[in-house]
Amino acid sequence: MKPRFLTGLLSLLMPAMVMAGEYDLTVDRVEIDTGDFVKEGIGYNGASPGPVMRFKEGENVKINVTNNLDEMTSIHWHGLILPFDQDGVPGISFPGIKPGETFTYEFPIQQAGTYWFHSHSGFQEPDGAYGAIVIEPEKREPFRYDREYVVQLTDKHPHSGDRIMRNLKMIPDYYNREQQTVGEFFSDASKNGLMNTIRDRMAWGDMRMMKADVEDLQGFTGLINGKGPEQNWTGLFEPGERIRLRFINSSAMTYFDIRITGLDMTVVQADGNNVQPVNVDEFRIGVAETYDVIVHPKDEQAYTIFAESMGRSGYARATLAPEEGMEAAVPQLRDPARLTMADMSGMPGMDHGNMAGMDHGDMDMNSSEGMSGMDHSNMEGMDHGSMAMGKGGQNDPFYAKGSGLVPTAANGGKFLSYADLKAQDPLYEDREPTREIELRLTGNMERYTWSINGVKYEDADPIRLKYGERVRFKFVNETMMTHPMHLHGMWSILDVGADQWNPIKHTVSVQPGTTVYMETEVDEPGQWAFHCHLSYHAAAGMFRKVIVEGGPESTQAKTDVIAKDGGEV
Amino acid sequence: MYDNYYEPEEISVKPGETVRFVVENKGNLVHEFNVGTPDMHEAHREEMMMMVEHGVIQGGKLNHDMMNMDMGNGHSMKHDDPNSVLLEPGQSKEVVWKFSDKGNIEFACNVPGHYQAGMYGEVNFE
């Protein structure tokens, strides 16, 4: 990447000098070596991941993208606020970049933090076309550190994206090897009773579902900054330094649970926006999300950054060390999570009344332990009963009550929840939304079709929004998978119950059997993509075009919009 | 005090000197100004964590009723030690402290997460 700075000439013509950076990117066929296998894929400037693009808040950037492939390509700047024709989605922002063509993106940088970029054409992103964006802020950040690293994760699979999609369409559980075993039957029987276990298996069997459907895609090698676990990407530090780690999940399909044995992490940014600092031992990063954390290693030793997939079928691993070549112990993968009936509760046609003999009191629900020393029943203002309790008594209101997916920290400590995220500097004034739009996340696993409100992208009308309104989106997850919903071009203000302190994100994860709300101030004209960021779900139809009607000249949304467009879209 | 740092970030004192700190919270969140050793700060952070869990510190507000709540073992969560102040945005208070001997002294904010994010300052002895 060759930055060229246009100064001099321009400053003669303009009263104030405008910062401008020019960057060049080529889109190339590259070889990807994960340590487990070597595969041809797609990258930028000859490599996958591509280079880290470093911008400054306030500058105007010009990025020349040359397509050296023999097929169309595109680059979408994930999380960036920019004019819609610079957003890089073929068919929505622009036609795409032809083979041999050089397309120049040009837009002002209106924010700071950690973001990423990737192709929005075909399955080029899972094939390797992704990179990181780091934007330096104009003002001082509300946290300090001595050095920083990008830690970008992906789930590289030995099959190409096209091949994976074909296989999933033919046999939806082609890549889902984690089936329940006879051994599990016996251990469940001894824990829950033989009759309960038999009834459980028969109930799930009746539904033609596998309890193991936590992950669609197993068999990948986790990569960090392009390196597999054996290759061991290493970040150096001097003991006593505070290090900022910019975690980016650039996977096609995989959620990772991340911990660094021996180091606490202080989360300071989520999706590029500052959050009030939260100390955690572990956090779950959804596909397309970013989290920036500060760690403070004081000892002269190596630390392992361990990223276990949510379904525990694979992992990624890197090291922080005072010197190259040092390594710390790599933990074993924990037991796979299993869905419970609670995770299924959103699905249509689930008539629990018919499932005779299922004593939910015995199954999968653990008693709450660990609340010793205090008489919580007397404390006002704390409704412990309404919080979803997973194993070990962890509460997370963003999981179904009784869910089998509630994460617990491997060391018994604190696991980050969406409920812990509060904006450090709210971007918008808190106000009542002008209307609510319900989006049911739907799908048919047997045919591997994924959709919104039961309708696939190609059969759906666009969602129409009015410039100036504030829309409240209601995601209702009627499937048993977790979906990271990403609206391009405008912020998603996630409702965690903190009013003006609700965190500002670009990607919102919706767990099975839950309803999640987020609000958007519609302040960017044009048309935008809105989709589940699991690559094979988006391609299977879990996608919509959003059209923003009106622009800065028009007045605020009128209430007749509700009468005309309210309800399902 | 700002979100989440002090200005100045370090000070110089002579052993035996008494200093009057005029502390003003110019941020949007509750912050602490606490003078002590790193070990004292670490212990105090556990206490502050409990204050957050029990709703005493809520982002930019302090719940004064909760501060006086009896935790069941004779303790309350009133934050009234002489070496520190806990301020809501816009508030201003003074701390008067005598730095008797040289030592490893810092001033720090022990609201959960703030110290780790870098909200501390060094006391250098001349």
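## A quick tour of chains A and B

Start by selecting A:Arg472: its bridge partner in strand E29 of chain A is A:Glu519. Before moving on, know that this is a predicted model, where local features need pLDDT of at least 70, side-chain atom pairs count only at pLDDT 80 or more, and totals for chains, interfaces and linings use all residues. Residues are numbered from 1 along each chain as its sequence is written, and chains are lettered from A in the order in which they are written.

Now widen the selection to E24 (470-477) of chain A and E29 (515-521) of chain A. These two run antiparallel, joined by seven bridges. Strands here are DSSP runs of at least two residues, numbered from the N terminus, and two of them pair if DSSP finds at least two bridges between them.

Look for A:Arg435, opposite A:Val471 in E24(A).

Then show chain B. How many residues of chain A are in contact with chain B? There are 18, meeting 13 residues of chain B; contact means C-beta atoms, placed from the backbone, within 7 Å. On chain A's side, E16(A) gives the most, with four residues.

The mean for chain A is 86, and 82% of its residues reach 70 or more. Over residues 351-393 of chain A the pLDDT is below 50. Where pLDDT is low, the predicted coordinates should not be read in detail.

Terms used:
Contact = placed C-beta atoms within 7 Å. pLDDT = per-residue confidence, 0-100.
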